[in-house]
Amino acid sequence: MNILSTGTAVLIPWLLGLAIISIILKKQPTSAIERSGLAFGVGIGLITLIMFMLNLFQISLNFPFLLFCISLIMLPCLGFAKFAGYPVLPIQSLKNPRLALTHPTAPRQIFRRLEYGLLFLICVKVFYVFFESLVKPVMDCDALWRHSLIAKAIFLDKTFQAPFTLTLIKDNPPFVSFAQAWVFFCSQSWNECLGKIIFPCLFLSLLMVFYANLRKSFSLLSALTYTFLLSALPFLALHATTAYADFPQTYFYSIGTLYLFIFIKDNFRLPSNLIISALFLGMGIFVKRHGFYLAGIDTLVLAAACLFQPKLKGAKLIQLKSILLPFIAILVVISFPWLYFNHVNLIAGTQNIAQTLVAQPNLTIQENLPPLPARFSDALNIFFQKMFFFGNWHLAWALFVLCTIFFFKKIFRPPLVYLWCLVMLNLLYVFIALTFLPAFRFLLDGTLMNRVMLYQMPLVILCCAFASLQEKEQT
Amino acid sequence: MKHSLSWRSAWLTGLICWLLLGAPSAFCSTPFDYQFDSGTNVVTWSSPDPKVNLKIEGPYLALTSNASFPYIISPPLLCLADEYDTLIIRMKCSKKDTATIFWATDFDQQFNANKLVNFDLGSANRFHTYYINLRQQHPAWTSKILRLALSPFAGPGKAEIDYIQLEEENLFTNLQSGWAEFWGPKGRKTIGSTINVIKSTDFMGRPINVYVYAALLLVFIFSLAKLLQPLFTKPLKPIPKSHIKPKFSIKDWEAVGSKVGGCLIFFWILLELCSTYTYWNNFRADWQDYSGKSLEQKAAVSAGPDFYAFIQFCKSRLPKNGVDIGLIFPGELGSLDLKGRYYLYPNRLPENCALDKNTPYVLVYRLNNSAYSSNPNYYLFAKRSEDQYILKRKIK
């Protein structure tokens, strides 16, 4: 019974996501792996938004009604896809050597063994993440006192609008809680272990999307190698086993940015990539407060890319409008329910951050922090140590530095320069947030830095892949 | 003759000094070598805990424990940390666990968490020789060492110690210590209550990344030198102009980068294999603790069986729709409020268990005389044991 209900909790978002993705991608050739990966994220993101909106309209949640609401979106999408002849899940693409996982035309046996070896290592990691998530109850601090407790409250009260739950939520976006509550509604019972199934599914989905996009440009071995490197980030795998918001934020932000990069790389040709990017970044706003600022950084980079892209024809202002406006519109539509609900806190919070950034002497006195130069040097030292000498990221930052030094010619040219800039801007964002704001104490006690840095780690590896590998080398 | 007498007196003085000062180590080859093959120096290692039984069994010092944290303490050492830095222990334990070494120095004479090194015991019921370079593994191994303490495992169990030696480091012991350190407990667990940091595994007191970077630097220098070599060597035959390559192109630079990057990925895979060992340990531990158990049993493992039973007791007694509650417990039990809040919902426990005078129900866990039990506004509502009960506010 548990397996069946958990399967339903995974299958419904996947089907909903497939239906929506098929409308967005139309007849664009994409692999089943990519569509499946994207589908789960889109589906679960949309379901949590539906749950949140229903509660906003004072409608209590229950599984039959949720299923009805989901069907209202899913069935017309599937019908339209069928009518227009869009492929929903192109199983045939698995047989295409260019897109498939296996690579029978690999020139040497050793390559095939290596590929299988890498695939085996990735599968081991995925299995481990699933096992660790599902076998243990909720144990970690933030999950216990916020995300999973809110999930339990939503399930038992059928709404998040109870005073106790609202106190818990404060100004923190509730995606993680609604995602767990969705599993509880599907199984009609509160099972804290099964509630965490969402996170390993997101982990698998991230690997699938990452692999599929690398595979479009690089050989099977290269794509698998870099996917393996992503799966081998210890901090990423660890967070995928917990019920924290940091991994889902990483998931939505990195996929959103990945498609933004692909959109820029393909000379702004495929609007579907822009739509997917905006969808994921918008959902990221519903996962964590950081999602709002991260989406802002991406929007800035997109604007810069529009302005400086020489291959775009026509007036710059028109280009800017035709690309940036739809992007921002989707972002706003997706995140509107949360932004509307939280607009008071958001405005106050942003004002507060802006004031604090300007009034550094006051911050030093009020929060009893060291003066800015001392904070700056302390932060530099901590960042350096944590990035290069800890076990969180293995050698990811070293690889990034190496790629910047050795492949500077490629990195400092469009389109890769935009991805590189995104990584650096995110790093700057983390640095500013932890040095110039009261959160400095979290930098000292080690509470926050790695978790905030996690969001961009898939992008760091993606940047290294595009810098170090030769595109369109298919063997 | 005069000369002979002075030689003899000096010899006698030396013997008396040796008998007086060096007697405890009379059966040792160095001042800090405890062999335990006679009853002579068993008294020099002791345990202040009556639940730890120490005795000589054959050639070994046998430790049998019923204590939660058994440990034995060395005799006074008074050695310089710089000179004696490597501890060698040959020991057999009845279970696979993590052992801990503590020490007291002239600056900090207590055994405490600021000065400890952990090491893995390896397989149970087999003798292992452990090499621990304490100076490399902990910065607090400095100045003068007064005493050592060894805790072989936690909880009940038995350890048989063949010998304990404190020596000066050498290449062999350093490599042994480094290897054990690399596979040891440091870097295997996340640190911080909110899953913040995974430390790197260390080798000879430094993060393994340091060695990887050093190796990458060597690869870079070697690749660059190989690339630049033709520029500095004169060819034997003159090369036609059409065959002369540009001196140093970007492609050459990128080729060096590819080699260094390839090596980095190779090291990354090795590090991942090391991490896989951690995952394997986690997997085995969690399989043992959680697999095949019901949700209730898993929650009991996670929250502690007694506390979870108390939670279940409270849930069965409190109104089903949920009420505002308070929870009082001794501070040393840690963050029980987190789990209490989580498992007690729909009963609402405020953040940090903040109680006010109107809280209708107060749950008391492991406290005999809390402020509320003597509060005239509250009465005993339900009782699980003497120190676990529910108080209810009187309705005026």
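This is a predicted model: local features need pLDDT of at least 70, side-chain atom pairs count only at pLDDT 80 or more; totals for chains, interfaces and linings use all residues.
Me: How are H8(A) and H11(A) oriented to each other?
Reply: Let's start with the axes: helix H8 (residues 198–217) and helix H11 (residues 246–265) of chain A come within 10 Å and cross at roughly 15°. Angles under 35 degrees count as roughly parallel. So H8(A) and H11(A) are roughly parallel.

Me: And is the crossing of H8(A) and H11(A) left-handed or right-handed?
Reply: Handedness goes by which way the near helix is turned from the far one, and anticlockwise by less than a right angle gives a left-handed crossing. For H8(A) and H11(A), the crossing is left-handed.

Me: How many nonpolar residues does the contact of H8(A) with H11(A) have?
Reply: On the H8(A) side the contact includes A:Phe199, A:Leu202, A:Phe203 and A:Leu206, and on the H11(A) side A:Tyr251, A:Ile255, A:Leu258 and A:Ile262 are among the residues involved. Sorted by class, the contact has 4 polar residues and 1 charged, and the nonpolar ones number 12.

Me: Is A:Thr299 buried or exposed?
Reply: A:Thr299 sits in helix H13 (residues 290–308) of chain A. Beyond its neighbours within four places in sequence, A:Thr299 is in contact with A:Leu324, A:Phe327, A:Ile328 and A:Leu331. Its relative accessible area is 15%, and the cut-off for buried is under 20%. So A:Thr299 is buried.

Me: Are the rings of A:Phe52 and A:Phe160 stacked or edge-to-face?
Reply: A search of the whole structure turns up 67 aromatic pairs over all chains. For A:Phe52 and A:Phe160, the ring centres are 4.9 Å apart and the planes are at 15°. Planes under 30 degrees apart count as stacked, so this pair is stacked.

Me: How many residues apart in sequence are the parts that the pair of A:Phe52 and A:Phe160 ties together?
Reply: A:Phe52 lies in helix H2 (residues 32–56) of chain A, while A:Phe160 lies in the loop between helix H5 (141–157) and helix H6 (163–169) of chain A. Both A:Phe52 and A:Phe160 are buried. The pair therefore ties together parts whose separation in sequence is 108 residues.

Me: Which residues form one aromatic cluster with A:Phe52 and A:Phe160?
Reply: The stacked pair of A:Phe52 and A:Phe160 belongs to one aromatic cluster.

Me: What is the phi of A:Phe268?
Reply: A:Phe268 is in the loop between H11 and helix H12 (271–285) of chain A. Its phi is positive even though the residue is something other than glycine, and the value is near 60°.

Me: Is A:Lys170 buried or partly exposed?
Reply: A:Lys170 also has a positive phi without being a glycine, at about 50°. A:Lys170 is found in the loop between H6 and helix H7 (175–187) of chain A. With a relative accessible area of 43%, which falls between the 20% and 50% cut-offs, A:Lys170 is partly exposed.

Me: Where is the cis peptide bond that has an omega of about 5°?
Reply: Look in the loop between helix H18 (408–411) and helix H19 (416–435) of chain A, where A:Pro415 is found. The cis bond with omega about 5° joins A:Pro414 and A:Pro415.

Me: What is omega for the peptide bond from B:Tyr345 to B:Pro346?
Reply: Over in chain B, B:Pro346 is in the loop between helix H8 (336–344) and strand E17 (361–365). The bond from B:Tyr345 to B:Pro346 is cis, with omega near 20°.

Me: How far apart in space are A:Ala223 and A:Tyr211, C-alpha to C-alpha?
Reply: A:Ala223 is in helix H9 (residues 220–231) of chain A and is buried, with a relative accessible area of 0%. Its contacts beyond four places in sequence are A:Tyr211, A:Leu214 and A:Arg215. A:Ala223 and A:Tyr211 are 12 residues apart in sequence, and their C-alpha distance is 5.8 Å.

Note on methods
Residues are numbered from 1 along each chain as its sequence is written. Chains are lettered from A and ligands numbered from 1 in the order in which they are written. Side-chain values use heavy atoms; hydrogens and water are left out. Axes are lines fitted to C-alpha atoms, for helices over the stretch in contact, and angles run from 0 to 180 degrees between N-to-C directions. Helices (H or I, at least four residues) and strands (E, at least two) are DSSP runs, numbered from the N terminus. Angles under 35 degrees count as roughly parallel, over 145 as roughly antiparallel, 65 to 115 as roughly perpendicular and the rest as oblique. Contact means heavy atoms within 4.5 Å. Ala, Val, Leu, Ile, Met, Phe, Trp, Tyr, Cys and Pro count as nonpolar, Asp, Glu, Lys and Arg as charged, and the others, Gly among them, as polar. Buried means under 20% relative accessible area, exposed over 50%, partly exposed in between (1.4 Å probe, protein chains only). Rings of Phe, Tyr and Trp (its six-membered ring) pair if their centres lie within 6.5 Å; planes under 30 degrees apart count as stacked, over 60 as edge-to-face and the rest as tilted.
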